[in-house]
Amino acid sequence: MRKILLLFLLLNLTINAYTQQPTKKAIIVLTYDDALQSQLKVALPQLESAHLNGTFFLAGYNVTPASIPAWREVAKKGNELANHTLYHPCIITTGKGNPANNSANYTVYTILREISETNNLLYAVDGKTSRTFAYPCTELAVGGVNYVDSLRTSGLIKYARIGGNADAVITDFKTLDPLLVPSWAAVGVTTGDELIAFVKKVQQRGGMGVFMFHGVGGDYLTTPALAHKQLLTYLRQHANEIEVLTFQQAMDKVSQAKHH
Ligand SMILES: [Zn+2]
C-alpha cells in the first residue's frame, strides 16, 4: 500500500512538472489615444471596477474646459496622462482637412514647440513633469524629416510609442529604443477573445505588449465595450502572471532591468 502511495505521489509530481505553465511575468500596457469622450464614459469606469490603470495620450484640441476636471480625476486615480500633441498633425492627401494640421506643412521646430506646449497643458491638469508621447497617426516624420532624434535630444519626452501589428510583442529590452516602442492598434477587432489572444502571446513569450485603443463603445476606430470589458476581466483573473502598468511605469521597469 505504501509503495502504491509513493508511486502515486511520484506520478503526480511528474504530471505537475509537465503541465505547469511558464511562470514568466508578462507586462501589459493599455493605452488610449486622442482624449475621446467614450474613454471617459466607457473605458474608465471599466478600468476602475477592474482596479486597473491605463495611459491616455491626450490630443490637446480635445481637452476642453468642460473635460479638464474629468481628466484630472483620471490622473488622480493612478492613470497616466500623456502627450499626443495639441493639433494631432497627420499627412493630409485628400485635400480635405485643415492645412494648418497637415504634418507635411510642419517643421521639426513646429512639432517640438507643439509637444512642449502640450507638456505645459498636461502639467496644468495633473502637475506631473515627466511625460511619455505617442506619435500622431504613428508618423515619425513631419515635412519629410524624421524627428525622432530631435525629440530624443529635446529632453521633452521620456518614452514614445509607435504603431505595429498583433505581433508587436517586445521581448528584447536591450535593443528596444525607448522612443520607438511598438504597440498593437486593435483596429477592426470585435471580440474579447481576439484581444485576449494578444495577451496570451505576450504571456507565452514572457515580454511586454502594448495595446493602442481609440474609441471604446463609441467615437471612432471603436473597440466594442464588451470586448474591452472581457479583456480587463482576463487581465484581472491572471493577475499572478500579468502585470498591468501604465506606459511610463512599464518602460521604467524594463529600462531598469536592462541595466542589471
Ligand atoms: Zn491619435
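## Close-up views of the predicted model

**View 1. Setting aside neighbours within four places in sequence, E80 touches G54, T55, F56, T132, T246, F247 and Q248.** Contact here means heavy atoms within 4.5 Å. The model is predicted: local features need pLDDT of at least 70, side-chain atom pairs count only at pLDDT 80 or more, and totals for chains, interfaces and linings use all residues. Residues are numbered from 1 along each chain as its sequence is written, and side-chain values use heavy atoms, with hydrogens and water left out. E80 sits in strand β3 (residues 80–83). Helices (H or I, at least four residues) and strands (E, at least two) are DSSP runs, numbered from the N terminus. E80 counts as buried, at 7% relative accessibility. Buried means under 20% relative accessible area, exposed over 50%, and partly exposed in between (1.4 Å probe, protein chains only). From E80 to F56, C-alpha to C-alpha, the distance is 6.0 Å. The two residues are 24 apart in sequence.

**View 2. F56 and W71 form a ring pair, one view from a structure that holds 10 aromatic pairs.** Rings of Phe, Tyr and Trp (its six-membered ring) pair if their centres lie within 6.5 Å; planes under 30 degrees apart are stacked, over 60 edge-to-face, and the rest tilted. The ring centres of F56 and W71 are 5.7 Å apart and their planes stand at 55°, so this pair is tilted. F56 belongs to strand β2 (residues 55–58) and W71 to helix α3, so the pair joins parts that are 15 residues apart in sequence. F56 is buried, at 0% relative accessible area. W71 is also buried, with a relative accessible area of 0%.

**View 3. F133 and Y135 make an edge-to-face pair.** Their ring centres are 5.1 Å apart, with planes at 80°. Both F133 and Y135 are buried.

**View 4. Ring pairs join Y32, F56, W71, W184, F198, F211 and F213 in a cluster.** The tilted pair of F56 and W71 belongs to this cluster.

**View 5. Helix α2 (residues 37–49) packs with helix α3 (residues 68–76), their axes coming within 11 Å.** The axes cross at roughly 25°. That makes α2 roughly parallel to α3. Axes are lines fitted to C-alpha atoms, for helices over the stretch in contact, and angles run from 0 to 180 degrees between N-to-C directions. Angles under 35 degrees are roughly parallel, over 145 roughly antiparallel, 65 to 115 roughly perpendicular, and the rest oblique. Q39, L40 and L44 of α2 meet A70, W71 and V74 of α3. The residues of this contact divide into five nonpolar, one polar and no charged. Ala, Val, Leu, Ile, Met, Phe, Trp, Tyr, Cys and Pro count as nonpolar, Asp, Glu, Lys and Arg as charged, and the others, Gly among them, as polar.

**View 6. P182 lies in the loop between β8 (169–170) and β9 (184–185).** P182 is partly exposed, with a relative accessible area of 21%. Leaving aside neighbours within four places in sequence, P182 contacts I162, G163, A168, I170, L176 and V210. The C-alpha atoms of P182 and F211 are separated by 9.3 Å. Along the chain, P182 and F211 are 29 residues apart.

**View 7. The protein chain contains eight helices and 11 strands.** Of its 260 residues, 46% are buried. Among contacts with a separation of 6 or more, 73% are between residues 24 or more positions apart.
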